[in-house]
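Here is a short briefing on the disulfides and on a set of paired strands. Please look at the model with both topics in mind.

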Amino acid sequence: MSFNPKGVFSRFACLLVLSAALAPTLMAQRVNADLTGRVLDQNGAAVTNATVTARNLGTSAQRTAQTNEDGEYVVREMPPGRYEITVEAANFSKALVRDLELNIGTTSTLNFDLKPGQLTETVEVAAGGVLVETTRSDLADVVTPLQVQTLPLLNRTFSNLSVITPEARPVGNFDPTKTRIQEFQVLQHRWTAESGRSVGGIVNVVSKSGTNEFHGSLFGQFRDDALRKPDFFERQQPAGNQKPDFQRQEFGGSLGGPIRKERLFFFGSYERFRERSINLVPPAALAQLQAIPGAAPVGIIPTPYNDHLLTAKIDHKIDSNQTMFYRYSFQKNDSPNDQIAVPANADLTNGNLNNNKIHSLVVNHTWTVSPTKVNQWVFHIQDFKNAIVGVTDRPNMIFPSVTTGRNPNVPQATEERKFQLRDDFTWLAGNHGLKMGVNYINTRFGGFFFFGAQGYQFTWFDDPLTIRNNTNGLYPQGFSTPGAVRRITFSDGEATHEQTLDQIAFYIQDDWKATPRLTFNLGLRWDANIGNLIDQRQNRTIQILRQLNHPLARAITRDEEKLGRTTPSWTEFQPRVGFAWDPTGSGRTVVRGGYGIFYDQLFQNLTLFSLSQVGRELFQTILDLNNTAVGAGQLATFRFGTDPNPPLPPGFSISELAVGGFGRINDPDASEPYVQKFSVGVETSLGSNMTLSSDYVHTLGLNEPRVQVINPRIGYLCNSAFPGSNPASPQCVRGANSRLLDRAFVDAGFAPNRIEQINMIGTTNRSLFDSWATTLKRRTRRMVLSASYVLSNARSWGGQPLASYSGNGIATTPDNQFKPEEFGPSRIDERHRIVASGVFDLPGDFQIAPLLQLASSRPYSLNAGVDLDGDGLVANDRICEGTDPRAVFNARGNSAAILALNPRGCRQVQVNSQRIGFVTDSAGNIVGERTGRFFNLDLRVQKSVRFGEKFAIKGYADFFNLFNADNLSFSNRLGNTPATSRLFYMQPNALYGPGFGPPVGRPLTVQLGVRMDF
């Protein structure tokens, strides 16, 4: 499988989010390390006023601390790296640890037992291979420099190494910054207050720096179609076309060293990526595309990718107490056709162009005011530009299995400039480790976007071959059959978005060592996102709703203050408490736990939907016509290709919401999502080089985003095809096509279709997540081993992951959102997950590094693809409870047959109730039943050849998916599989990990590379 960077940038201008996601290296969170412990004499008594000195072996920078009356010491805010630790006290010999690795975000415990003697005598102390953090309640894992450099990485995506930590999941993304990364920490759950704006895990990253000696590297690696097996979908292609042309070259290097020894250091890196790949169109999809009038079907879609990355960093030791660093980063890439799914279900007209540039500058100052006080401030400026452009003006046409014409959501452009200033002050006062800080971010957004197809869009009931060949008897005239089109929309207008967001946060944290064996982590955080909401008082949909005498409209529009609100909340106080208890006092075991409230930021793209109907000119859906069945509805007589496209409403003005237009608002009561969670667990040493931990976590997600359709169709009342309907009701002013607010529109003097569908972005959803993670780690001089097992259960309304947003694809009505069957497993729920990784030194300077992942299948929903509940929405309608999925499978692609098996008005099966699917032959017959389980073993084999002490060449081969397992997904990125799609219903339609970004599943792929270190 070739790399397709499809979701590096999502369709709804989510580059806004990506650019923020690229910022972990700007030290928005904790990226330094602490060292703590006790100093005792030979009788176990505390040694007071002993001096503990930590010297960085790379830069010779030093930090000191004094022991208190209990013999305890803490050295704060040290850059990650390797250190020499010394302890000196009158009448005792000096104790020395020559080489101790301190990792990002950790608080390592190192105890000393001093021996009587003179300071001129030195007693060398051996540091343990694995240290238990007995004063930290957080659940976190560090990916060390050795693991970053050695574990196999497809596309050099360092963040994908987070899968070796418990609860992390493989996703499709692309962040090729490995050369400049020293190490990173994954904070799965934290109980400190210094980090915020995330309800899930946080990745803290530290970049490399120069040292007192010159060091550098050069690397080059490549793979092509000769070095891999065909994937599942390629094997369905005709013989000779199963391994499309593919080439990928990656090369670059780094150099760091002293400008002035002990004082001034530099580091720089450059990486270049060039890929020439294609996205195959499966034969079945190609046949469907060939049946579409005017389409441009091809067997392959070119998906080239080019990327340049540059980083330059200066570290400056001003004096013994002050240091600064300055880092500049630049990235430029382009990725045509990255909006097309993998494998492709579209033709060339559905492609796009994509160009991106990002500049980033970080300045950091650390001042050791005294051995007990440290201040650190960071300034960051980031500039980002993106443009995604379509390649045709042909109307977009959507069928259950394939699509053609203009790609929805393009063109779009994003400009973002971000300024950040953060200050953190640490103060050791007796047994209290106080930390307080402020973080301010100003972000200015600009650009334009489309959240639907510009121009006409045609949505069809059935697939092209069904229509052309009339296989279900509904299309005697093929595409020209009257009423064959399910929906026609026309969208146009101005979609410029200009917005300024000011984010501010304050926190205070106390790490209180109540006793030598018990530490409390106590914190309080406050956040505000000023300007994240839109003043909706000029929103055209709101202005029309104000004129209705309907309880729903009155509830939405009655509070002018809420409509004008631009800050979601001024009361986001987040208390957090954690504890860490060393039950034996030996530093070998910790019992830990915590509770906290964590606020997230309301996904900013959501606010843009309302903004699109506020400006002087509107981007809007001007026309929205629907059929409820073939030949029934507003398009009952429309003949595609014969009749002209439906005209726009007369007298239409781009500055006003068109009659029959699409309304877009935000819930005036919208707030920001947050979670309440707690954990309890234990970690213990098994010998000097091994630890075992086991932790339980419970998370409740609240105020999560969900799109609510507040003006749905009321077919359940007005369509005689639904049992219990009453078409004679006064509400049914448009017959079977009536909507909830039609009567109110008429009573207010409007046309009954004054506004058709109205989407309201709300924060009404909830979720639950429980996990039990057990991890074993072992580290010796010749090996690093980590293995974890996670038992988890993720549930939510609508089946979406914790605090996620899935857009209009899972839009629901207020009446349907909380039906019992709407609560179920989330689409990324994995009940069991095992991950094991290691780096092993072998004789002859060989090294092997395996990475194993095994996970149970993720669930998905069995969608009918037709409207079963009468609300006019089909994306969420699942087959009826008690209906045989195999019977629906045999009828797939035939909407009439599906309706015969699934009567309207039935109780639907639970969301995400399915975990298996079918594999079919070329005729569509079932040849096997498969689960969506994930199994993958990657392996690096490396040989080093050394020339002296400072020069080495490493040749390596990476084997991705060594056993060539087929890792398949049976649903789209929303966890849906519509029965109206003959190609995809309950069948593999993506390699594992569907969604924005390259698929995670891959066939056996070999990559060859060489690296030179000096």
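**Disulfides and strand pairing**

Cys718 and Cys732 form a disulfide (a pair of cysteine sulfur atoms within 2.5 Å), with their sulfur atoms 2.0 Å apart. The structure holds two disulfides. This is a predicted model: local features need pLDDT of at least 70, side-chain atom pairs count only at pLDDT 80 or more, and totals for chains, interfaces and linings use all residues. Residues are numbered from 1 along each chain as its sequence is written, and side-chain values use heavy atoms, with hydrogens and water left out.

**Cys718 and Cys732**

- The link of Cys718 and Cys732 is left-handed, with -85° about the S-S bond.
- Cys718 lies in helix 9 (residues 715-718), and Cys732 lies in the loop between helix 9 and helix 10 (742-747), so the pair ties together parts 14 residues apart in sequence.
- Helices here are DSSP runs of H or I with at least four residues, strands are runs of E with at least two, and both are numbered from the N terminus.
- Cys718 is buried, at a relative accessible area of 4%.
- Cys732 is buried too, at 10% relative accessible area.
- Buried means under 20% relative accessible area, exposed means over 50%, and partly exposed lies in between (1.4 Å probe, protein chains only).

**Cys880 and Cys906**

- Cys880 is joined to Cys906 by a disulfide, S to S 1.9 Å.
- This pair links distant parts of the chain, 26 residues apart. Cys880 sits in the loop between strand 42 (861-863) and helix 11 (885-890). Cys906 sits in the loop between helix 12 (895-901) and strand 43 (916-920).
- The link of Cys880 and Cys906 is left-handed, with -80° about the S-S bond.
- Cys880 counts as buried, at 2% relative accessibility.

**Pairing order**

- With the bonded cysteines of the chain numbered in sequence order, the pairing is 1-2, 3-4.

- Strand 31 (residues 589-599) and strand 35 (residues 674-685) run antiparallel, joined by eleven bridges. Two strands pair if DSSP finds at least two bridges between them.
- Ile597 stands opposite Gln676 in strand 35.
- Strand 35 also runs antiparallel to strand 36 (residues 690-709), with twelve bridges joining them.
- Val675 has Gly701 in strand 36 as its bridge partner.
- Strand 35 and strand 36 form a hairpin with four residues between them. In the turn, Gly687 has a positive phi of about 85°.
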